[in-house]
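Q: Could you take me through one part of this model in close detail? I would like to hear about the surface and the side-chain contacts there.

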Amino acid sequence: MADSTARDRDALADRELEQASGGMSIDEIRDLTDSYRNFLEQASNAAETASGLLKDQAQRL
């Protein structure tokens, strides 16, 4: 009984999240979150690379 109550509660929470997200499913939200996280990591890496290049150029001047 407790398992079915927990499943019902989880299913309700999933439906509420889907409605609040404009109809996106949980998997779509996870995929979007993963994509955004990857984008931020790539941007951070690019910024570190650019910073290193600028420091090298500044030392040469």
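A: Let's start with the nonpolar surface patch, which is formed by Y36, F39 and L40 and has about 340 Å² of accessible area together. A patch here joins residues with over 30% relative accessible area and no salt bridge, linking nonpolar side chains (Val, Leu, Ile, Met, Phe, Trp, Tyr) within 5 Å and like charges within 9 Å. Accessible areas come from the Shrake-Rupley method with a 1.4 Å probe, and for residues only the protein chains shown count as cover.

A word on the source: this is a predicted model, in which local features need pLDDT of at least 70 and side-chain atom pairs count only at pLDDT 80 or more, while totals for chains, interfaces and linings use all residues. Residues are numbered from 1 along each chain as its sequence is written, and side-chain values use heavy atoms, with hydrogens and water left out.

Helices (H or I, at least four residues) are DSSP runs, as are strands (E, at least two), numbered from the N terminus.

The model has one aromatic pair. Y36 and F39 make this pair, stacked at 6.4 Å centre to centre with 25 degrees between the planes. The rule takes rings of Phe, Tyr and Trp (its six-membered ring) with centres within 6.5 Å, calling planes under 30 degrees apart stacked, over 60 edge-to-face and the rest tilted.

Helix 2 also holds R37 and D34, again three residues apart, about one turn of the helix. These two form a salt bridge, with the closest N and O atoms 3.0 Å apart; the term means a side-chain nitrogen of Lys or Arg within 4 Å of a carboxyl oxygen of Asp or Glu. R37 is partly exposed at 48% relative accessibility, and D34 is partly exposed too, at 38%. The count of salt bridges is two, and D27 with R30 gives another, at 3.5 Å from N to O. D27 and R30 are three residues apart in helix 2, so about one helical turn separates them.

Finally, D10, D14, E18, E28 and D31 gather in a negative patch on the surface. Its largest share, three residues, comes from helix 1, and helix 1 (2-20) and helix 2 each supply at least two. D14 lies in helix 1 and is partly exposed, at 39%.

Key:
Lys, Arg positive; Asp, Glu negative; His and termini not counted. Charge placed at Lys NZ, Arg CZ, Asp CG, Glu CD. Buried < 20%, exposed > 50% of the residue type's maximum accessible area, 1.4 Å probe, protein only.
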